[in-house]
Amino acid sequence: MARAPFEIAGTHVAPGDRLQIDVPVARLYTHAPLHIPVEVVHGRQAGPVLLVCGGIHGDEINGVEIVRRLLRSKQLRRLRGTLIAAPIVNVFGFVQHTRYLPDRRDLNRCFPGSESGSLGGRVAALFREQIVDHATHIIDLHTGAIHRTNLPQIRAQLKTHPETEAMAEAFGAPVILNAELREGSLRHYAQNRGVPVLTYEAGEALRFDEWAIAPGVRGVLRVMRRIGMLTGEHRRRTPAPAEVANGSGWARAPIDGILRPRVRLGARVAKGEVLGLVADPFGNAEDEVLAPADGIVIGMSNLPLANEGEALFHVARFDAIEEAENAVESFQSDYDPQPLPAK
């Protein structure tokens with residue numbers, strides 16, 4: 001029996017075809033239409049429906065490039081199931097180079113949304129109804145917030161959904177953060193519907209970080225093999241097994257001043273270790289930023305200017321810290337995410 005066409009946003013995609021679709025979302029003040037761009041690749045054989053989306057935060061652009069490279073992969077010629085690729089969800093924020101929507105709402109706190117609610121609620125409801133609800137699996141691509149960078153990591157709620165855990169392990173990021181669900185996030189909405197979903201965090205907002213993009217593309221392809229959408233062996237060497245963090249915390253600025261970091265992204269640190277120094281421009285007042293726990297630095301501020309209490313270094317805690325360090329070092333041997341700080 002021939003496979004049925006895939007219907008999305010009022011458009012039919014025949015088996016073996018791929019089609020770009022512009023999903024109408026709103027109009028600008030000028031009356032110019034605004035769309036969420038989507039490409040659907042509908043395989044000839046049945047299989048999962050995977051949504052890979054980027055740009056829910058409009059300034060997080062590494063995911064846009066990950067989606068572009070994914071769509072150029074020759075491996076999609078042998079696709080089983082259906083790939084829905086949405087590189088830019090928050091088109092408002094993307095155009096304005098900002099994380100937020102014009103009403104200053106965070107789209108990733110607006111799900112499931114409402115057709116009669118705020119702008120954020122309406123965009124979330126449209127994306128959910130037209131695109132998200134078609135998916136059986138989801139990979140949501142993110143970076144650190146503005147002026148912060150993240151070590152490549154997967155965030156997922158493990159144990160509650162075996163398929164989510166299997167996808168997280170298959171992705172190949174050096175760290176998996178067993179993260180609780182945040183109310184209003186895409187991950188919260190999907191997981192509560194029983195849809196396995198991963199959040200990939202890597203790099204910095206408004207930047208193309210090759211060390212975040214290349215492993216992101218490979219990670220998505222690994223997941224597609226794991227869930228049966230792609231066949232054949234992966235020719236590259238298998239990455240070191242990811243280690244699951246059992247918690248994390250931020251080291252914060254003890255005073256107002258200018259930060260001089262003493263560790264790099266991915267560094268193993270001990271509780272109480274000096275991660276950096278914050279001083280006034282003259283150096284009259286200076287204080288140390290101390291590690292809150294033994295762990296690995298998975299995120300840090302790139303902006304030297306710090307206010308008292310500002311989050312500067314994100315430290316993940318592990319039961320098996322030696323294995324976590326090995327996983328990070330293995331990743332860094334292929335992709336060096338950050339130069340050593342100046343002394």
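Is Phe 127 buried or exposed, and what is its relative accessibility? In this predicted model, Phe 127 has a relative accessibility of 1% and counts as buried, because buried means under 20% relative accessible area. The report begins with the aromatic residues and then turns to the strands, the cysteines and two further side chains.

**Aromatic pairs**

The structure holds two aromatic pairs. A pair of aromatic rings is described by the distance of the centres and the angle of the planes. The table gives these values.

| Pair | Centre distance | Angle of planes | Arrangement |
|---|---|---|---|
| Phe 111 and Phe 127 | 6.4 Å | 65° | edge-to-face |
| Phe 171 and Tyr 200 | 4.8 Å | 35° | tilted |

For Phe 111 and Phe 127, the angle between the planes is 65°, so the pair is edge-to-face; the cut-off for this class is over 60 degrees. The two residues are 16 positions apart and link distant parts of the chain. Phe 111 lies in the loop between α2 (91-96) and α3 (119-130), whereas Phe 127 belongs to helix α3. Phe 111 is also buried, with a relative accessible area of 6%.

The pair of Phe 171 and Tyr 200 is tilted, with 35° between the planes. Phe 171 has a relative accessible area of 1% and is buried. Tyr 200 is at 2% relative accessibility and counts as buried.

**Strand pairing**

Strand β5 (residues 45-53) pairs in the parallel sense with strand β6 (residues 80-86), over six bridges. Within this pairing, Val 49 has Thr 82 of β6 as its bridge partner. Together with helix α1 (residues 62-71), β5 and β6 make a right-handed β-α-β unit. Strand β5 also runs parallel to strand β7 (residues 137-142), to which four bridges join it. Here Cys 53 is the bridge partner of Asp 140 in β7.

Five bridges connect β16 with strand β15 (residues 274-279) in the antiparallel sense. In this pairing, Gly 276 stands opposite Val 289 of β16.

**Cysteines**

The structure holds zero disulfides. Cys 53, named above as the partner of Asp 140, is in no disulfide, and the nearest cysteine sulfur is that of Cys 110, 15 Å away.

**Arg 148 and His 188**

The charged end of Arg 148 sits over the ring of Trp 250, at 4.7 Å from the ring centre. His 188 has its place in helix α5 (residues 186-192). With a relative accessible area of 16%, His 188 is buried. Leaving aside residues up to four places away in sequence, His 188 touches Leu 181, Arg 182 and Glu 183.

Conventions
Residues numbered from 1 in each chain as written. Predicted model: local features only at pLDDT ≥ 70, side-chain atom pairs only at ≥ 80, totals over all residues. Heavy atoms only, no water. Pairing = 2+ DSSP bridges. Right-handed = clockwise from strand over helix to strand, strands pointing away. Phe/Tyr/Trp six-rings, centres within 6.5 Å; stacked < 30°, edge-to-face > 60°. Buried < 20%, exposed > 50% of the residue type's maximum accessible area, 1.4 Å probe, protein only. Lys NZ or Arg CZ within 6 Å of the ring centre and 35° of its normal. Contact = heavy atoms within 4.5 Å. Disulfide = S-S within 2.5 Å.
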